[in-house]
Amino acid sequence: MMQLRIYTLRSPEALQRYAAVHWARHVATFAAFGITTHGVWTEHGGTAPRLVALIGCPPGADPDDVTRRVMGTADMAGFDVTDIVDVQTTLLDPTSFSPVR
């Protein structure tokens with residue numbers, strides 16, 4: 001199962017710090033939990049500072065449980081989590097012809 005995550009940050013500076021330091025750490029941490037990071041982007045020209053990530057969960061994994069466990073790791077050390085003002089998640093099932101699974 002795939003999951004699309006959209007994080008809205010309090011400021012462009014918080015977005016830059018979250019993307020360059022903390023989300024960069026998540027890639028290795030997610031891999032340790034069997035989660036594949038397919039891509040991480042910052043929104044270009046949007047109305048708010050946003051980070052968008054597409055991750056793949058192994059069969060049977062609970063994405064919410066994995067998120068809680070990752071948030072408890074050292075990945076977030078030094079980041080004020082109140083700078084994340086919103087998180088939207090959407091579970092996605094690939095079509096039979098999707099190049100990303």
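Is F33 buried, partly exposed or exposed? F33 is partly exposed, with a relative accessible area of 27% (buried is under 20%, exposed over 50%, partly exposed in between; 1.4 Å probe, protein chains only).

This is a predicted model, where local features need pLDDT of at least 70, side-chain atom pairs count only at pLDDT 80 or more, and totals for chains, interfaces and linings use all residues. Residues are numbered from 1 along each chain as its sequence is written, and side-chain values use heavy atoms, with hydrogens and water left out.

**View 1. F33 in its loop.** F33 sits in the loop between α1 and β2 (36–42); helices (H or I, at least four residues) and strands (E, at least two) are DSSP runs, numbered from the N terminus. Skipping neighbours within four places in sequence, F33 is in contact (heavy atoms within 4.5 Å) with V66, R69, V70 and T73.

**View 2. The open sheet.** Four strands run in the order β2-β3-β1-β4, with antiparallel pairing (to pair, two strands need at least two DSSP bridges). β2 and β4 (84–92) are the edge strands with a single partner each, so one side of each has no neighbour in the sheet. Between β2 and β3 there are six bridges, and T42 has L51 as its bridge partner in β3.
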